[in-house]
Amino acid sequence: MNPHQSNQTLSDIDIEGRYALAREVAHEAARRGMEYYKRRGSLTVEHKGGDLQDVVSMVDRELEEFIREQLLERYPEDGFLGEESGSERLDARCVWVIDPIDGTACFVNGLHSWCVSVGLMIDGQPHLGAIADPNHSELFHGCRGKGAYVNDTPLRVSSATHVREGLMGVGTFHPRGKEYFLPFLHSLLNEGGMFIRNGSGALMTAYVAAGRLIGYYETQLKSWDCLAGLVLVEEAGGRRNDFFRNNGLLDGNPYLVAGPGVFDQIKDLIGPSLDE
Ligand code: IPD
Ligand code: CA
Ligand code: CA
């Protein structure tokens, strides 16, 4: 049971306005990101918490500030959670959950695999999202009950019924990497499956919604990496694990999204760590 009052209905909320704003802001932030990307050689790259693989630059912080300002100027009563600036008003009915650049390692290394992700939770549930990929001119977006799209084209998850029928997105970071990632790859390959890692969890989630990937597993993901994409997967007919359990919104959790025909098979290949 979520903490929000049961006598409040969704009709009290301007969902259409927020959906349009999410698309507009993600698109504009991605356009601004692209300007920096073309000049990325002059950026100073910093490392978070001493991990040389965990990178960030002023572009992440600047875009997050731009997104935060645009969203809260229009809807000042809303809550906000962003990768770079943290959280405010998490008890609001509407909480924006955003990643200004998902795929920062790709961004700073010149790999065209990064995006801006803007998601909105209503009453504790992912409700709408927009993921803008300026390198491929793709804007993935969706809203609960209204479908999921890339630009204007509707999305549908893969109809695969076995992992050998398609490509699986995967990802990891060092803390849970060696322990869970390598055994999963071993099991996947044993079943005749194949994997890719493109360095952006938000894009791989969108690709599951689009049926380009049959599923996507990450040993530990944060909510800003996936909240927008989760709406797309649900609207496109896919399944997800119980990502928000145990304070998943703030702390993250192991993560699996997949088409319904392979979800249980992949879950079995991962094993109990998915729900720990
Ligand atoms: C990362 C990407 C990557 C995933 C990492 C995330 P960032 O986000 O989504 O695909 O493997 O776990 O942290 O740092 O580029 O925003
Ligand atoms: Ca991210
Ligand atoms: Ca990020």
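Guide: This is a predicted model, with local features needing pLDDT of at least 70, side-chain atom pairs pLDDT 80 or more, and totals for chains, interfaces and linings using all residues. Residues count from 1 along each chain as its sequence is written, chains are lettered from A and ligands numbered from 1 in the order written, and side-chain values use heavy atoms, without hydrogens and water.

Visitor: How many residues surround ligand 1, and which are the closest?
Guide: A residue counts as near if one of its heavy atoms lies within 4 Å. 14 residues surround ligand 1. The closest are D102, G103, T104, R197 and E218.

Visitor: How far is a polar side-chain atom of E218 from an oxygen atom of ligand 1?
Guide: Polar contacts here are pairs of N or O atoms within 3.5 Å. D102 places a polar side-chain atom 2.7 Å from a ligand 1 oxygen. For an N or O atom in the R197 side chain, the distance to a ligand 1 oxygen is 2.8 Å. For E218, the value is 2.6 Å.

Visitor: What percentage of the area that ligand 1 exposes alone does the protein bury?
Guide: Accessible areas use the Shrake-Rupley method with a 1.4 Å probe. Alone, ligand 1 exposes 370 Å². The protein buries 90%.

Visitor: Why does ligand 1 lie between domain 1 and domain 2?
Guide: Domain bounds come from an automatic or database assignment. Ligand 1 lies between the two because both give residues to its shell: domain 1 (3-154) and domain 2 (163-275).

Technical notes:
A polar contact is a pair of N or O atoms within 3.5 Å; within protein, one must be able to donate a hydrogen and the other to accept it, and residues adjacent in sequence count only if both atoms are side-chain atoms.
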